[in-house]
Structure formats: structure tokens, C-alpha cells
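Dear colleague,

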Amino acid sequence: MKFDTAAIHVGQEPDQETGAVIPPVYLTSTFAQLEPGQTRGYDYTRSGNPAFDRLGATLAHLEQAEYATVFGSGMGAVTAVISTLSSGDHVVAEENIYGCTYRIYDKVFKKFGVTISYVDLSNPANHAEIEKQKPALVWIESPTNPLLKIIDIEAVAKAAHDAGTELLVDNTFASPYFQNPLALGADISLSSTTKYINGHSDCLGGVVCTNSAAWNEKMVFAQKAIGLNPSPFDCWLISRGLKTLSVRMKQHAENALKVSEFLEGLDCTQTVRYPFLPSHPQFELAKKQMRGGSGIVTAVFNLPFESVVKLISNLKLFSLAESLGGIESLICHPASMTHASIPKAEREAVGITDGLVRFSVGIEDAGDLIEDLQTSLDNV
Ligand SMILES: *Cc1c(COP(=O)(O)O)cnc(C)c1O
């Protein structure tokens, strides 16, 4: 079954009892048992609900995974994975990971004795660090946030496996429509379903996909034991959003390419990054491991701080907001928003400067988006 068909049908069969074409959502915390300890498959929603299973079945199929466990947010999924580590375990992470993932390692799990070191894994010469540091887990994102560096998933998976460890890829930015980390050798593909997978900016969710029965068991345990479960209604919403993932992603990518070409043509931009822009330093690698460039574009403006702030505050169609991956266009200033929790010196050392602006290009008309940008630029 092809991706577009699976996104609509897998796990989403009509309701057995009523024939409802869209399966109902069971808004219940608990389930009546037939006899003590004998359930109809569900006992308590923290440890399972039909809406979790339906969404999980669709996501597992789209990520080419055997198993998928859904969580209440992307950070819930992140917490579930890190919770499997023990005091004294070490993690090697790409230096350009999501700000809140950095924060949870630094402010929460460090207290429990989990250590982490950051390496620029976009440089193949640094893959040797994995063998040298012998981590319990390697953690990457590709494309990275917000610089859109591309990490060679296949090469890092090989380096991890040669060193006797495993690889997690945060696949949030690409979505399973454009990239399948497990097929490239990763052991875990994690996503914030809040972003492209739901796609409508109206709820939060997360997922961990894997082909490993051992990892699956740990994720199912974390979901119920730590209370990382999603709400059944949010799963229902995410299942609804997921049905249009293909059509949305095509339009996101088409619009993002147009917006990045427009930005690249301006005198006031120093650099413009988009994975499928030929000027991207890893354009060939992006084309090798991704089926499209997704919808995020970043630009470094050669403008004073105040002008950048004015430029992004005066847009009409791009809302100034955190998050990404929704149908509507958003604009964000990482240094003062998503990455504000990372100390300035560390932030700048990895390229998150004050002139950097991230665009989450929505599925509106590309001409309207470019006109909005031009109007705001004219006023700066
Ligand atoms: C948003 C995001 C997360 C966290 O997801 P939430 O749903 O906001 O908790 C993790 N990783 C990446 C790359 C993200 O963009």
C-alpha cells in the first residue's frame, strides 16, 4: 500500500459496531471488566485506549516501523526514551538539537547522573567520537533546528552500530512523508506529532517508532508508568490531521522552495538555508536521504537587530510564534524564542545568532506569502 493510501486507511477502519466511517473516540478514563482482571483489551486510559492504538498503527506503517507508542507531547516521547537510561550512562548528541531536548538533559536528567556531550555530526570526521565515547545512545535530528544541517543518518547509524550502541533520530522536521530514519538504519524514530503529523496547530503529541521489541516494551512501560500518555481526543485529532499529511507536505515543500528562492535573491540576506536549495552545503546528501525538503527555511539577515525585529513583527500572514509544521505560516526568532533556554555563548557557538530567522512555511498561496515578506521588507 502506498503512503497516501496508508495515511488514510491503516488503523482507521470503520467502526465494527455502527459502521461509522470515522472511528469514534472513547473519552473514558477506565473500562469495565468482564471478570476481575479480565478486560476487553483495555483497562485504564493511562495504559491504553483505542485512539492510541489507531494512531500508533498508522504512524508505525508510515515510519516503516513494527511498533509505535504515542505520548502526550514530543517532550513526553523524549522523556520516555531518556527515562530508560541509568545513572552513569552517556549520550552523544548532535550539537544542534532542539532547545527543549538540550534543556531536559541539562536541567533534569543530569541530576540523575546521565551525561551528554555535543558533537557536530554533520562533519563525518567527527563520527569517530561515537567509537571513542562509547555512549549508551546517539541522538540526532536531521534536518536540524534551526540551522537545517543535514546529518548522514545511514553513516551515523553505522558508526553507532560499529561502536555497539544505538541511534535515535528526531524526525519531526522531515516527517515520515519525506524521510524514514528506520529504513536508513536508525533504531528509533521519534517525532513531535504536534508539528507536521497533526499539522493543524491545535493539539500536542509525540511518538516513538521502532522495529525493536525491546525498545517497544520500554516505551509502552514508560507511557503508563511515568504518565506520559496522550489524551484520546488529541489522538483522534492527530489521526484526522495525518490523513492529509501527503497533500500538506507536497504544498509545504513547494512553497518553502519558492520562499527560500525569494529570500536568497534579496540583498539583505547573508545566508538562506533550505535542504533542497542547490546552495545548501549538503544538497546532495539531502536529496539522497530525503524525498523532499519539507517546509522550514532559515535566513540570516544582514540587518541590525531592531530591523530584524521590525521585519518579523510587521508580517500579516506569518504569525510570530513558536512551533512549526502547521498549515499556517509562522515566523520565529530562535535566539529570543525557541533557543532562549540555551546560554548565549553556547547558542552563538553553534550558529544561532541574533540575525537568524526561521520560517515555517505554511500551505497558503506562495505568491501571497512572498508579497507579505516584500511589504514588510519595504517598510524596514
Ligand atoms: C517541537 C519539537 C519537539 C518537542 O515536541 P512538543 O510536542 O512540543 O513537546 C521535539 N523535537 C523537535 C525537533 C521539535 O520541533
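Lys134 has a relative accessibility of 49% and therefore counts as partly exposed; that class falls between buried, under 20% relative accessible area, and exposed, over 50% (1.4 Å probe, protein chains only). The model is a predicted one, in which local features need pLDDT of at least 70 and side-chain atom pairs count only at pLDDT 80 or more, whereas totals for chains, interfaces and linings use all residues. Residues are numbered from 1 along each chain as its sequence is written, and side-chain values use heavy atoms, with hydrogens and water left out.

Backbone features

Lys134 sits in the loop between helix 5 (128-133) and strand 4. Helices (H or I, at least four residues) and strands (E, at least two) are DSSP runs, numbered from the N terminus. Most residues other than glycine have a negative phi, and most peptide bonds are trans. Lys134, which is not a glycine, has a positive phi of about 45°. Gln64 is likewise a non-glycine residue with a positive phi, of about 55°. Gln64 belongs to the loop between helix 2 (50-62) and strand 1 (67-71), and its relative accessible area of 46% is why it is classed as partly exposed.

Two cis peptide bonds may also be noted. One joins Ser142 and Pro143, with omega about -5°; the other joins Asn145 and Pro146, with omega about -5°. Pro143 lies in the loop between strand 4 (137-141) and helix 6, and Pro146 is placed in the loop between strand 4 and helix 6.

Domains and their interface

The chain is divided into domain 1 (3-242) and domain 2 (246-379); such bounds come from an automatic or database domain assignment. Their C-alpha centres are 26 Å apart. Domain 1 brings 39 residues to the contact and domain 2 brings 41, where contact means heavy atoms within 4.5 Å. About 3300 Å² is buried between domain 1 and domain 2, and carbon and sulfur atoms give 56% of that area. Buried area here is the accessible area (1.4 Å probe) that two parts lose on being put together, summed over both. Of the area that domain 1 buries against domain 2, Ile150, Phe178 and Tyr196 supply 25%, more than any other three residues.

How many salt bridges does the rule find across the interface of domain 1 and domain 2? There are 3, each a side-chain nitrogen of Lys or Arg within 4 Å of a carboxyl oxygen of Asp or Glu. The side chains of Asp152 and Lys288 form a salt bridge at 4.0 Å, N to O. Polar contacts between domain 1 and domain 2 involve 21 residue pairs (both at pLDDT 80 or more). A polar contact is a pair of N or O atoms within 3.5 Å; within protein, one must be able to donate a hydrogen and the other to accept it, and residues adjacent in sequence count only if both atoms are side-chain atoms. On the side of domain 1 that touches domain 2, the elements giving two or more residues are helix 1 (3-9), helix 4 (99-108), helix 6 (153-162), helix 7 (175-178) and helix 9 (232-242). Helix 7 gives the most to this side, with 4 residues.

Nonpolar cores

A nonpolar core is a set of buried Ala, Val, Leu, Ile, Met, Phe, Trp, Tyr and Cys residues joined through side-chain atoms within 4.5 Å. The largest has 61 residues, and those with the most contacts inside it are Leu59, Leu263, Val297, Phe301 and Phe359. Helix 10 (residues 245-264) provides the largest share of this core, 7 residues. At least three core residues come from each of domain 1 and domain 2. Beyond its neighbours within four places in sequence, Val297 touches several residues, including Leu148, Leu263 and Phe359. A second, separate core of 24 residues includes Leu85, Ala93, Phe109 and Leu190.

Ser73 caps the N-terminal end of helix 3, with a side-chain oxygen 3.3 Å from the backbone nitrogen of Met75. Ser86 is found in the loop between helix 3 (74-82) and strand 2 (90-94). Its relative accessibility is 42%, so Ser86 counts as partly exposed. Apart from neighbours within four places in sequence, Ser86 is in contact with Gly113 and Val114.

With kind regards
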